[in-house]
Amino acid sequence: MAETIEVIYYVDASAEAVTRRAAQYFVDGIRAAAGARGKARIAISGGHTPKNAFALLADPSAQYREQIPWENLELYWVDERCVPPDHPDSNYRMTREALLDKVPLDKTQIFRIRGELDPQEAAAKYEFDIRQSFRLEGAEIPTFDMVALGMGPDGHTASLFPHTAGLHEIMRIAIANHVPQQKETWRVTLTWPVINRGRDVFFLIEGADKVAALKQVFTGPYDPELYPSQLIKPAGRRITLLLDAAAAAALPPPGAEGLGRLEIAR
C-alpha cells in the first residue's frame, strides 16, 4: 500500500546561494546528529554542487568550519566510479581536494570506496567496512544520519541508473552496478534500501537540464525503472530538496523564503 511522503524544497536564485544553504544544512545536520548520538555518520555524493559546499565548509574565513565538531564526524560515500583515488573522475579525489585536505579529519574517520579494485571486490570491501564500523549483525543494514544525493538529467541517483541491475538489489548494503549508458562503466553504490534508512535524506540539484527529471520524479507517474530517483522513499517519510531556480522551474512555485512543499505517494 502506498504511503505519503512529504517533499520539502528550498529554491534559491543563484548557485552561490544554493552552496551557502547546502553548507549550513550540512552544519546543522552534523551538529544535531553528534549532539543526539555522539557521532555524525554522513554519506556524500560527488558533483559540482557538493564540491562547492565542501569547499565552503573547509574555508577558514567562512562561518561554517568552526561550527562543525570534526572529531565526531564519520564520512562515507554514496557511490564511486571504479577508478583509482587520484583519477579526475573519482568522487573521493574531489572530496579530498575540496574538503579532506583542509580539515581535521583523521583517516580512521574516512571510509572511502576503493574504486581501484575489481568492482565486485570493491563493493564487498566497502560493505565489510560499513558492517565493522556500525557493528552490524546478520542482515542488519546501517542507518546513516545524513545521506546527500544528486540527480542526473535521466533521473538516476547514486549509481542507480535506469534499467540497470542495481535497481533490484534489496539485500546488500553496497553493490557493483554495470552502467552501459555511461561508456559501459562500473560503479559501486549503496543500495536504495540503505539510502532509505537514512535519518535525513536530501538532494542537492542545480541546472536547467534537471527540470524534466525533477518534474517526473516528484510529480509524474511511478516508474522507477525509468526514473530510479523514485526509489528514494525514506523511512522518515520526508525528502528535502535544495535547488536553484533553474532546476525548480517545473515544480509548483515556492512560497515565502523560497520554501515549497509537496506530498507524493510511494
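Start with Arg-41: setting aside neighbours within four places in sequence, this residue is in contact with Glu-74, Tyr-76, Ser-133, Phe-134, Phe-144, Asp-145 and Met-146, where contact means heavy atoms within 4.5 Å. Keep in mind that this is a predicted model, where local features need pLDDT of at least 70, side-chain atom pairs count only at pLDDT 80 or more, and totals for chains, interfaces and linings use all residues. Residues are numbered from 1 along each chain as its sequence is written, and side-chain values use heavy atoms, with hydrogens and water left out.

Arg-41 sits in strand S2 (residues 40–44); strands are DSSP runs of E with at least two residues, helices are runs of H or I with at least four, and both are numbered from the N terminus. Is Arg-41 buried or exposed? Arg-41 is buried, with a relative accessible area of 17%; the cut-offs are under 20% for buried, over 50% for exposed and partly exposed in between, using a 1.4 Å probe and protein chains only. A polar atom of the Arg-41 side chain lies 2.9 Å from the backbone oxygen of Ser-133.

Now follow S2 into its sheet. The sheet is open, has 8 strands with mixed pairing, and runs in the order S5-S3-S2-S6-S9-S10-S1-S11. Strands S5 (110–111) and S11 (259–265) are at the edges with a single partner strand each, so one side of each has no neighbour in the sheet. Two strands count as paired if DSSP finds at least two bridges between them. Strand S1 (residues 4–12) and S11 run antiparallel and are joined by 7 bridges; Ile-5, for instance, has Ile-264 in S11 as its bridge partner.

Next, the core. The largest nonpolar core has 84 residues, and Phe-26, Phe-218 and Leu-241 touch the most other members. Such a core is a set of buried Ala, Val, Leu, Ile, Met, Phe, Trp, Tyr and Cys residues joined through side-chain atoms within 4.5 Å. Helix H1 (residues 15–37) supplies the largest share of this core, 7 residues. Not counting residues up to four places away in sequence, Phe-26 touches several residues, including Ile-42, Ile-44, Phe-54, Met-146 and Leu-204.

Finally, step back to the whole chain. There are 6 helices and 11 strands, and 55% of the 266 residues count as buried. Among contacts between residues at least 6 apart in sequence, 75% join residues at least 24 apart. The C-alpha trace spans about 45 × 45 × 35 Å along its principal axes.

Definitions and conventions:
A polar contact is a pair of N or O atoms within 3.5 Å; within protein, one must be able to donate a hydrogen and the other to accept it, and residues adjacent in sequence count only if both atoms are side-chain atoms.
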